[in-house]
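Let's take a walk through this model together. Please load it in your viewer and follow along.

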Amino acid sequence: SDYRGKANVVLIFGSFTCGSTITQLRAGNPPLDSLYRRFKRKGFEFFLVYGVEMHPGEDVPRPTTFEQRLRHALRLNKEEKVPFPIVVDGIGNEVRKRYHALTNPVFVIDRNGVLVYKSSWTWAPEIEQTLNEMVIWEKAEARNEMVRMCYSEKLVGLTRNRRISAQVHRRAGPGAVGTFKALLRKEGTKG
């Protein structure tokens with residue numbers, strides 16, 4: 001609510017042990033830092049909401065205190081050079097619950113407080129398209145042109161970057177590597 005009337009807000013949920021978060025930060029098409037730099041100038045604020053460790057392991061365990069979660073968030077910021085602010089969710093995942101967040105979703109809220117985009121998975125190309133459309137809407141509204149808001153829904157098949165995913169699981173520890181391999185076997189997919 002601090003940004004109502006001032007900026008559009010992009011909330012990206014993620015963690016240090018989430019391969020998808022790290023992939024989109026490093027190698028998204030475009031990478032999230034590129035989107036941030038480009039759209040910050042156009043009235044968008046980005047935040048990474050740091051929450052649940054998706055693939056904890058011996059080296060990066062699931063936090064049981066806020067201080068532990070904060071340490072993981074600081075480590076993510078240092079190692080991945082996150083270019084936008086990181087907001088650390090409480091140990092009870094209050095923000096995550098408020099947004100009914102799944103694995104590593106993204107939400108875009110316009111400057112009027114309206115949720116204009118929601119995805120269960122952070123995928124940079126789709127975020128980029130949404131932000132471009134919002135810039136066009138705002139320019140049209142500034143010229144007093146009619147803008148019709150429409151609801152759209154689609155399924156997107158996302159692949160993962162095996163190299164980055166493997167790095168993220170290894171840095172979490174052998175338990176995370178084993179758990180993810182078991183998941184792949186259960187799903188009958190290649191890792």
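We begin with the sheet and then turn to the pockets.

Please keep in mind that this is a predicted model, in which local features need pLDDT of at least 70 and side-chain atom pairs count only at pLDDT 80 or more, while totals for chains, interfaces and linings use all residues. Residues are numbered from 1 along each chain as its sequence is written, and side-chain values use heavy atoms, with hydrogens and water left out.

An open sheet is built from 5 strands in the order β3-β2-β1-β4-β5, with mixed pairing. Strands (E, at least two residues) and helices (H or I, at least four) are DSSP runs numbered from the N terminus, and two strands pair if DSSP finds at least two bridges between them. The edges are β3 (86–88) and β5 (115–119), each of which pairs on one side only. From one strand to the next, the twist averages 20 degrees; axes are lines fitted to C-alpha atoms, for helices over the stretch in contact, and angles run from 0 to 180 degrees between N-to-C directions.

Helix α3 (residues 66–80) lies across β2 and β3, running at about 165 degrees to β3 (contact means heavy atoms within 4.5 Å).

Val108 stands opposite Tyr117 in β5.

Tyr117 leads us to the largest pocket: of the 25 lining residues, Tyr117, Lys118, Glu126, Ser152 and Glu153 are the closest to its centre. A pocket here is an open set of points on a 1 Å grid over the protein atoms alone, where a 1.4 Å probe fits, with protein on both sides within 12 Å along at least five of seven lines; lining residues have an atom within 4 Å of a point. The largest pocket holds about 970 Å³ of space, a volume being the space filled by probe spheres set on the points. The elements giving two or more residues to its lining are β5 and α5 (124–142).

The second largest pocket has a volume of about 680 Å³. Among its 28 lining residues, Ser20, Trp121, Leu158, Thr159 and Arg160 lie nearest the centre. The largest share of that lining, 5 residues, comes from α1.
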